[in-house]
Amino acid sequence: SWVHRQRTRSRLSTMSTADTIAIVRPVPDSIGSCELTHVERTPIDLETARSQHRIYTETLEGLGCEIVVLPPLHDHPDSVFVEDPAFVLDELAVIARSGAESRRGEADSVAEVLALHRPCHAIRSPGCIDGGDVIVIGRTLYVGHSTRTNAEAHRQLRDLLDPLGYRVRVVPLRDCLHLKTGATAISDDAVLCNPGWVPPSTFEGLRIVECHPDEPFSGNVVRVGRTLVADSAWRRTNDRLAEAGFEVAEVHLGELTKAEGSVTCS
Ligand code: CIR
């Protein structure tokens with residue numbers, strides 16, 4: 001996967017994706033005390049986690065992203081998962097209010113950076129949402145109904161986004177933390193999906209690539225331009241993506257998988 005990643009990097013170095021900003025936050029000292037919902041706690045090696053996160057960040061940079069590194073939050077064990085405190089649309093950013101109380105202190109510093117680029121709108125109590133529950137494809141927001149995201153947040157999103165021409169579709173989940181644990185967009189009209197966790201009927205009208213059944217956690221990839229950044233642990237699903245014509249850049253975030261995280265969240 002290293003070879004593949006290097007090759008992908010040099011081939012894409014002339015691609016213009018410089019208008020893409022990737023926000024990351026270092027792995028905190030406290031990650032061993034992270035929230036876990038569907039995953040059993042196993043020891044996380046801090047140095048390995050940091051080195052995997054560094055390679056992931058370098059990969060995004062190699063694909064043309066401008067990297068913004070937020071200050072570390074060592075008192076917030078899940079703060080490396082910078083996707084959850086917000087999500088961004090062309091017109092505005094939505095600042096989330098996590099369903100996990102331990103994660104609410106992560107939002108302010110994310111909002112501070114996003115405010116440089118977008119007007120920010122905060123989800124208010126009793127609404128709860130994590131950015132990991134939101135997939136945006138065109139003018140449709142697919143929003144999970146999960147332990148982190150509730151109906152009040154769906155209602156606030158509709159109030160905010162209907163006038164901008166967005167449609168909010170609520171997606172029931174089974175057995176996974178966030179919507180994006182089980183499905184992610186792989187182009188403007190295609191999704192990668194684990195049908196056991198996210199009903200494929202959600203994405204009616206879109207092309208669907210199904211995760212390999214032996215790799216339930218493989219439905220999470222990050223789009224950068226035309227490239228999909230994927231975890232090399234999910235070889236069979238990555239092969240399916242390549243066979244379907246997608247360009248895949250592999251990284252490995254195995255230590256963060258133990259914290260129930262994956263590529264988009266990081
Ligand atoms: C949590 O439970 O909040 C973290 N341990 C994992 C968050 C992963 N984020 C994501 O899927 N968007």
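Colleague: Which residues make up the covered face of strand S1, and which the uncovered one?

Modeller: In strand S1 (residues 21-24), Ala22 and Val24 form the covered face, while Ile21 and Ile23 form the uncovered one. In a regular strand the side chains alternate between the two faces of the sheet. A strand here is a DSSP run of E with at least two residues, a helix is a run of H or I with at least four, and both are numbered from the N terminus. The model is predicted, local features need pLDDT of at least 70, side-chain atom pairs count only at pLDDT 80 or more, and totals for chains, interfaces and linings use all residues. Residues are numbered from 1 along each chain as its sequence is written, and side-chain values use heavy atoms, with hydrogens and water left out.

Colleague: How do you know that S1 and strand S2 pair?

Modeller: Two strands pair if DSSP finds at least two bridges between them. S1 and S2 (residues 66-69) have four bridges, in the parallel sense, and therefore they count as paired. Ala22 stands opposite Ile67 in S2. From S1 the chain passes through helix H2 (residues 46-62) to S2 in a β-α-β crossover that is right-handed; that word means that, with the strands pointing away from the viewer, the path from the first strand over the helix to the second runs clockwise.

Colleague: What makes S6 and S8 edge strands?

Modeller: The open sheet of three strands has the order S6-S7-S8, with mixed pairing. Strand S6 (134-137) and strand S8 (167-172) each pair on one side only. S6 runs antiparallel to strand S7 (residues 140-145), and four bridges join them. Val134 has Val143 in S7 as its bridge partner.

Colleague: Why is Ala190 called buried?

Modeller: Buried means under 20% relative accessible area, with a 1.4 Å probe and protein chains only. Ala190 has 0%, and therefore it is buried. Ala190 is found in strand S10 (residues 190-193). From C-alpha to C-alpha, Ala190 and Phe203 are 8.5 Å apart in space, and they are 13 residues apart in sequence.

Colleague: What makes a space a cavity, and what makes it a pocket?

Modeller: On a 1 Å grid over the protein atoms alone, a cavity is a set of points where a 1.4 Å probe fits but cannot get out, whereas a pocket is an open set with protein on both sides within 12 Å along at least five of seven lines. Lining residues have an atom within 4 Å of a point. A volume is the space filled by probe spheres set on the points, which are joined across faces, edges and corners. The largest pocket holds about 1600 Å³. Of the 41 residues that line this pocket, the closest to its centre are Thr20, Ile21, Val88, Lys180 and Arg223.

Colleague: How is the lining of the largest cavity divided by class?

Modeller: Ala, Val, Leu, Ile, Met, Phe, Trp, Tyr, Cys and Pro count as nonpolar, Asp, Glu, Lys and Arg as charged, and the others, Gly among them, as polar. The lining of the largest cavity has three nonpolar, five polar and two charged residues. Among its residues are Phe217, Trp234 and Val263, together with Asp231 and Glu260. The lining of the largest pocket divides into 24 nonpolar, nine polar and eight charged residues.

Conventions. Buried < 20%, exposed > 50% of the residue type's maximum accessible area, 1.4 Å probe, protein only.
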